[in-house]
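Subject: Structure handover and notes

Dear colleague,

I am passing on the structure we spoke about, and below it you will find my notes on what came out of the analysis. Please read them with the structure open beside you.

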Amino acid sequence: MTNPNLTDMTEEDAADLQFPKDCSSSRTEKIEHNVELDASVVNDEIITSDPICRVCKSALTEPYIRCAVCDSMELCPSCFSNGSEISNHRNDHDYIIIKNEFPLINGSGWTAKQELECLDVLQECGFGNWVDMARRIQGKSTEECKNHYLQYYIDNQALAGLPKMKETKASLVGCEPIPYLYKLQDLEEPPRFAPNTLNCKLLAGYNAARSDFEVNFDNHAELLISALNYDEFDISDNNYELGKELQVAIVQAYNNRLKERMRRRKIIRNHGLIAFRRTISWIQRYECTITRALAERLLIFMQLLGGIEFDYFMEGLHRAGELKNYLNKLFEFRNNGLEHFHSVPIFQKLSKLRQENEKERKQYLNNPEYSWKTILPGCNINFSNSISSTIAQRKTAPPLAIQGLPGYEKLTSAEKELCSITRIVPTNYLDFKQILIAENKKAGYLRLAQARVLLKIDVNKTRKIYDFLTGKGYINKPNQ
């Protein structure tokens with residue numbers, strides 16, 4: 001929060017500190033000049049304004065030329081040397097050389113141009129930044145800039161008209177610091193959930209009102225020192241030193257357990273792991289890129305990285321997954337003969353229609369009323385019985401659409417067909433495959449019963465995976 005009045009005062013003081021760029025009194029001050037040129041020089045006028053050249057319209061910087069005959073006729077050195085003429089001005093008029101290469105403060109060794117440059121750079125770099133000021137002012141060192149400004153502008157103000165300023169917080173930092181005002185009733189109340197409620201459990205037992213957990217990590221660590229007595233060993237006892245060292249070791253063990261508790265609290269705080277629902281939704285965000293299984297494995301790196309660093313790490317992997325999915329789509333389009341992006345909407349529309357037609361065709365073929373076998377000679381089928389038996393039978397599930405799911409690009413064509421028919425997600429299939437191959441390496445073979453125990457899924461799906469892997473040579477059947 002800033003004070004407008006103090007800000008305005010500071011801006012006015014800063015404006016007064018600037019060297020006047022257009023001083024009317026300096027226009028009348030003249031210095032005699034004894035050198036005669038082709039056009040007689042009247043005098044050198046000391047001025048610090050920066051008007052515009054009347055011929056080329058460029059901003060003038062000292063030194064430049066002013067006509068002594070015409071009013072408000074300034075020319076740049078280039079136009080003057082070319083003998084340019086405009087309106088009533090002629091190139092044989094008397095002229096004045098306007099420059100600011102003169103000492104403004106006696107004994108300082110700084111010219112008026114350097115004084116202007118010093119004040120301009122001071123406003124940009126700030127008071128006290130003498131290193132940057134020296135870099136901006138050519139030919140001046142850091143100590144020269146500092147000593148010159150402090151001597152002639154602060155300690156001994158040699159220029160007339162400079163405001164007398166006292167060094168206060170307002171003059172140095174812009175305004176007086178004002179404490180931030182707030183009202184207690186404006187603050188939100190921390191959540192106070194009743195014990196053993198769903199919301200309390202979702203906060204991992206964290207009590208926000210007292211900033212602590214109901215049950216801490218290693219909650220019974222204090223039992224380690226609860227039975228210690230300070231005067232348990234007598235100084236005259238032969239085991240006094242050994243007993244004291246044992247007590248110190250127990251206290252150090254307790255401190256180590258407290259350090260581990262605080263370390264875990266720090267991880268929870270830095271990564272915002274209090275709210276369970278928020279953490280789960282955060283992991284679900286990477287479901288289609290990093291995959292949830294891999295994201296859960298990466299959580300261990302929270303112990304090594306800070307909150308922001310870990311987020312950068314996960315977002316980098318997430319972006320890589322998005323690019324991989326995008327490339328897979330491009331590969332699919334190219335494999336289907338697409339060469340232009342404007343063909344993609346038509347391809348996607350036709351693919352959707354083809355899937356719908358394929359689904360209708362399978363339903364049509366599964367209906368015994370429309371089976372071609374019914375029109376064969378000598379075939380008498382009771383449609384009522386066949387319909388009732390069809391209804392009683394278990395309906396076959398359609399193939400699973402696995403395209404675009406995590407791990408899809410890691411599958412071969414045969415594995416893609418297997419996952420689609422058996423309705424297994426690619427990531428789960430890859431895990432099952434790894435488990436079975438690892439078990440097969442232990443004994444050199446793997447039985448179907450062992451595979452069922454390891455996978456713990458539907459027996460029919462296990463059988464299909466087992467047969468597929470044995471057929472491809474990934475695992476071996478036992479010798480009969």
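For the helix pairs below, an axis is a line fitted to the C-alpha atoms of a helix over the stretch in contact, and the angle between two axes is taken between their N-to-C directions, on a scale from 0 to 180 degrees. With that in hand, helix H4 (residues 112–125) and helix H6 (residues 142–155) have axes that come within 12 Å and cross at roughly 100°. Since angles of 65 to 115 degrees count as roughly perpendicular, H4 and H6 are therefore roughly perpendicular to each other. On the H4 side the contact is made by Glu115, Leu119 and Leu122, and on the H6 side by His148, Tyr149 and Tyr153. Sorted by class, this contact of H4 with H6 holds 4 nonpolar, 1 polar and 1 charged residues.

Please keep in mind that this is a predicted model, and that every value in this message is computed from it. Taken as a whole, the protein has 18 helices and 7 strands, and of its 480 residues 27% count as buried. The accessible surface of the protein comes to about 33,800 Å², with 53% of it belonging to carbon and sulfur atoms. As for contacts between residues at least 6 apart in sequence, 46% of them join residues at least 24 apart.

Leu448, Ala451, Arg452 and Leu455 in H17 meet Val459, Thr462, Arg463 and Tyr466 in H18. By class, the contact of H17 with H18 has 5 nonpolar, 1 polar and 2 charged residues.

Within that pair, is threonine 462 buried or exposed? Threonine 462, which lies in helix H18, is buried, with a relative accessible area of 0%, because buried means under 20% relative accessible area. Once its neighbours within four places in sequence are left aside, threonine 462 is in contact with Leu448, Ala451, Arg452, Leu455 and Ile457.

Two residues deserve a look for their backbone angles, given that most residues other than glycine have a negative phi. Lysine 57 has a phi near 60°, a positive value in a residue other than glycine, and is found in the loop between strand E2 (41–46) and E3. At 58% relative accessibility, lysine 57 counts as exposed. Arginine 423 likewise has a positive phi of about 60° although it is not a glycine, and its place is in the loop between helix H15 (413–422) and helix H16 (426–443). With a relative accessible area of 34%, arginine 423 is partly exposed.

Finally, tyrosine 64 is found in strand E3 (residues 64–67) and is buried, its relative accessible area being 0%. How far apart in space are tyrosine 64 and glutamate 74, which are 10 residues apart in sequence? From C-alpha to C-alpha, tyrosine 64 and glutamate 74 are 7.4 Å apart.

Methods: Residues numbered from 1 in each chain as written. Predicted model: local features only at pLDDT ≥ 70, side-chain atom pairs only at ≥ 80, totals over all residues. Heavy atoms only, no water. Contact = heavy atoms within 4.5 Å. Helix = DSSP H or I, 4+ residues; strand = E, 2+ residues; numbered from the N terminus. Nonpolar A, V, L, I, M, F, W, Y, C, P; charged D, E, K, R; others polar. Buried < 20%, exposed > 50% of the residue type's maximum accessible area, 1.4 Å probe, protein only. Areas by Shrake-Rupley, 256 points an atom, 1.4 Å probe, with all protein chains shown as cover. Parallel < 35°, antiparallel > 145°, perpendicular 65-115°, else oblique.
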